[in-house]
Amino acid sequence: MKKCYKCNTEKDEFLFHKNKSKSDGLASECKDCRRGSSKKRKQSKEYQKEYYKKNKDKLKRRATDYAKENKEKVAKYQKKYRADNKEKIEENRKVWLHENRDKVREYFRNRNKKRKKEDPLFLLAYQIRKRTSTAFKRASWKKDSSNKDMLGCSFEEAKTHIESLFTDGMSWKNHGLRGWHIDHTIPLSSAKTKEDMVKLCHYTNLQPLWWWDNLSKGSKHE
């Protein structure tokens, strides 16, 4: 018989691991206590974090394989988890965005740059929003209405309107710095009041204009 130093219980010797460094050749703690300590250690955040770091690829493959084989089960669990942990998820999202704000900005900067090259509608919406915001700021007026409300239609409809005014050679492929520009027929800078500015933001005041004509026009009404 041998007494375990941890649980202070006398047990049969076969319930202890062998340890040659000990005088009796047996470990000081029994197998049950040793298993409990090991389980507790493995449940600690530090251990789990270190274990994940060392086995990241293996764990990701295992999770991916499990998700593929149990799509319905995983989807049901995720839906329930999101419903039960809305506040926690939102808080974690805010913390992550704050800690990774530079990475997030760079991601959206690159994504938007790519989309502006590939998606005419995205570029159109971006330019309208930017030009409208700049005009209001320069006039020191607060923009109370959304761009879509002032535009008087969807961006898709504004795109169709501009296409209807294309002249020979114009296409969305040559929309840009050395192609044609989206121009306000009556310049936004001519607005005397905020109400005038809102009216000038309407889609019927938009037209496509070759870059050389747009530069020569400046702030004149043509």
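1. Contact, as used in this note, means heavy atoms within 4.5 Å. The model under review is predicted. On that criterion, and not counting residues up to four places away in sequence, His17 touches Gly25, Leu26, Ala27, Lys31 and Arg34. His17 lies in strand β3, residues 16-18, and its relative accessibility of 34% counts as partly exposed.

2. One of the contacts of His17 is Arg34. Arg34 is also linked with Lys6 and Glu29 in a network of salt bridges. By the rule applied here, the count for the structure comes to 12 salt bridges.

3. The cysteines deserve a comment. The structure holds zero disulfides. The sulfur of Cys7 has its closest cysteine sulfur in Cys4, at 3.6 Å, which is too far for a bond, because a disulfide requires the two sulfur atoms to be within 2.5 Å. Cys30 is likewise in no disulfide, the nearest cysteine sulfur being that of Cys33, 3.5 Å away. As to accessibility, Cys7 counts as partly exposed at 30%, whereas Cys30 counts as buried at 0%.

4. Most residues other than glycine have a negative phi. Asn8 has a positive phi, near 55°, and Ser140 has a positive phi near 60°. Asn8 lies in the loop between β1 (2-3) and β2 (10-11); Ser140 lies in the loop between α7 (120-138) and α8 (147-151). Asn8 counts as exposed, with 53% relative accessibility, and Ser140 is exposed as well, with a relative accessible area of 66%.

5. The surroundings of Trp180 can be followed residue by residue. Leaving aside neighbours within four places in sequence, Trp180 is in contact with Ile162, Phe166, Met170, Ser171, Trp172, Asn174, His175, Pro208, Leu209, Trp210 and Trp211.

6. Strand β5 also contains His184. Is His184 buried or exposed? With a relative accessibility of 9%, His184 counts as buried, since the cut-off for that class is under 20%. Beyond residues up to four places away in sequence, His184 touches Arg131, Leu200, Asn205, Leu206 and Lys217.

7. Individual salt bridges can be examined next. Side chains of opposite charge can pair when their charged atoms come close. Arg105 pairs with Asp102, the closest N and O atoms being 3.1 Å apart. Both residues lie in helix α6 (residues 101-118), three residues apart, or about one turn of the helix. Arg105 is partly exposed at 47% relative accessibility, while Asp102 is exposed at 57%. Asp119 and Arg115 also meet in a salt bridge, with an N to O distance of 3.4 Å. Here Asp119 is partly exposed at 25%, and Arg115 is partly exposed with a relative accessible area of 32%.

8. Which distant parts of the chain does the pair of Lys194 and Asp144 link? The salt bridge between Lys194 and Asp144 has its closest N and O atoms 2.7 Å apart. Lys194 belongs to helix α10 (residues 194-200), and Asp144 to the loop between α7 and α8, 50 residues apart. Ser140 is located in that loop too. Lys194 counts as partly exposed at 26% relative accessibility, and Asp144 is exposed at 54%.

9. Tyr77, Tyr81 and Ile89 make a nonpolar surface patch of about 290 Å². Tyr81 is placed in helix α4, residues 71-84, and is partly exposed, with a relative accessible area of 31%. The C-alpha atoms of Tyr81 and His17 are separated by 42 Å, the two residues being 64 residues apart along the chain.

Notes
Residues are numbered from 1 along each chain as its sequence is written. This is a predicted model: local features need pLDDT of at least 70, side-chain atom pairs count only at pLDDT 80 or more; totals for chains, interfaces and linings use all residues. Side-chain values use heavy atoms; hydrogens and water are left out. Patches are made of residues with over 30% relative accessible area and no salt bridge: like charges are joined within 9 Å, nonpolar side chains (Val, Leu, Ile, Met, Phe, Trp, Tyr) within 5 Å. Accessible areas come from the Shrake-Rupley method with a 1.4 Å probe; for residues, only the protein chains shown count as cover. A salt bridge is a side-chain nitrogen of Lys or Arg within 4 Å of a carboxyl oxygen of Asp or Glu. Helices (H or I, at least four residues) and strands (E, at least two) are DSSP runs, numbered from the N terminus. Buried means under 20% relative accessible area, exposed over 50%, partly exposed in between (1.4 Å probe, protein chains only).
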